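Reader: Let's go through this one together. Could you show me how to read its features as we go?

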Amino acid sequence: MNLVDTSPSSGAPTMNERAVEHGQAATPTGTWNAPAPTPGFAPPPPPTASYQPRRTPTTAAEVLDEMIEVVPGARGALLASVDGFALARSETMPNEASHAAMLAAAIGLAHQLVKMGEGTELRQLVVDHDGGLLLLWPVGHDRVIAMLTLSTVDQARLRGFVRARARLLADDLR
């Protein structure tokens, strides 16, 4: 038993008959085509984008600021040498000389912990504390980057961003 009577004798107009009533051409398969645009009316222009693409960073500090702006939850960044000198910092990072020295010590200790764990390559060091996260990554052989973040930061996204910018940070951008 059919719930809908589709026979021509039902008296209801077919799809093709309805299409012709609305000024559209009937189709051989009985599908309905959308009405043609009304002459004289153009579709509205696309909205203008409010996004302004950044220029390519030319200094390490600009790279660090870009990371803070692009990754939600990132709060501050510092690039230091492994001998304890600050090379660059984001605008949101406090300017403390001792920070670079602590990062150098931490990355040296982390390399030793990797060896103790029978590993060969340090990829990342995470310090999870009550105020968020401190993430450290070696950059080349003589630099380390530290990121202060909220504990809810997308670590995979942040790590990908750092990897994408590692070459810029490893070079002598100042």
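Reader: Which element supplies the largest share of the lining of the largest pocket?

Author: Some background before that. This is a predicted model, where local features need pLDDT of at least 70 and side-chain atom pairs count only at pLDDT 80 or more, while totals for chains, interfaces and linings use all residues. Residues are numbered from 1 along each chain as its sequence is written, and side-chain values use heavy atoms, with hydrogens and water left out.

Author: Now the general idea: rolling a probe the size of a water molecule over the atoms shows where empty space is left. A pocket is an open set of points on a 1 Å grid over the protein atoms alone, where a 1.4 Å probe fits, with protein on both sides within 12 Å along at least five of seven lines; lining residues have an atom within 4 Å of a point. Here α4 supplies the largest share of the lining, 4 residues. Helices (H or I, at least four residues) and strands (E, at least two) are DSSP runs, numbered from the N terminus.

Reader: What else can you tell me about the lining of the largest pocket?

Author: It has 17 residues, and Glu121, Leu122, Pro138, Val139 and Gly140 lie nearest the pocket's centre. At least two lining residues each come from α3, β4 (132-139) and α4 (155-170). The volume is about 360 Å³, taken as the space filled by probe spheres set on the points, with grid points joined across faces, edges and corners.

Reader: Where is Gln124, and which side chains make polar contacts with the side chain of Gln124?

Author: Look in the loop between α3 (97-116) and β3 (125-129). A polar contact is a pair of N or O atoms within 3.5 Å; within protein, one must be able to donate a hydrogen and the other to accept it, and residues adjacent in sequence count only if both atoms are side-chain atoms. The side chain of Gln124 pairs this way with that of Arg159 at 2.9 Å and with that of Gln155 at 3.5 Å.

Reader: And phi: what is the value for Glu118?

Author: Most residues other than glycine have a negative phi, and most peptide bonds are trans. Glu118 has a positive phi of about 65 degrees, although it isn't a glycine. Glu118 sits in the loop between α3 and β3.

Reader: Is Glu118 buried or exposed?

Author: Exposed, because its relative accessibility is 74%. Buried means under 20% relative accessible area, exposed over 50%, partly exposed in between (1.4 Å probe, protein chains only).
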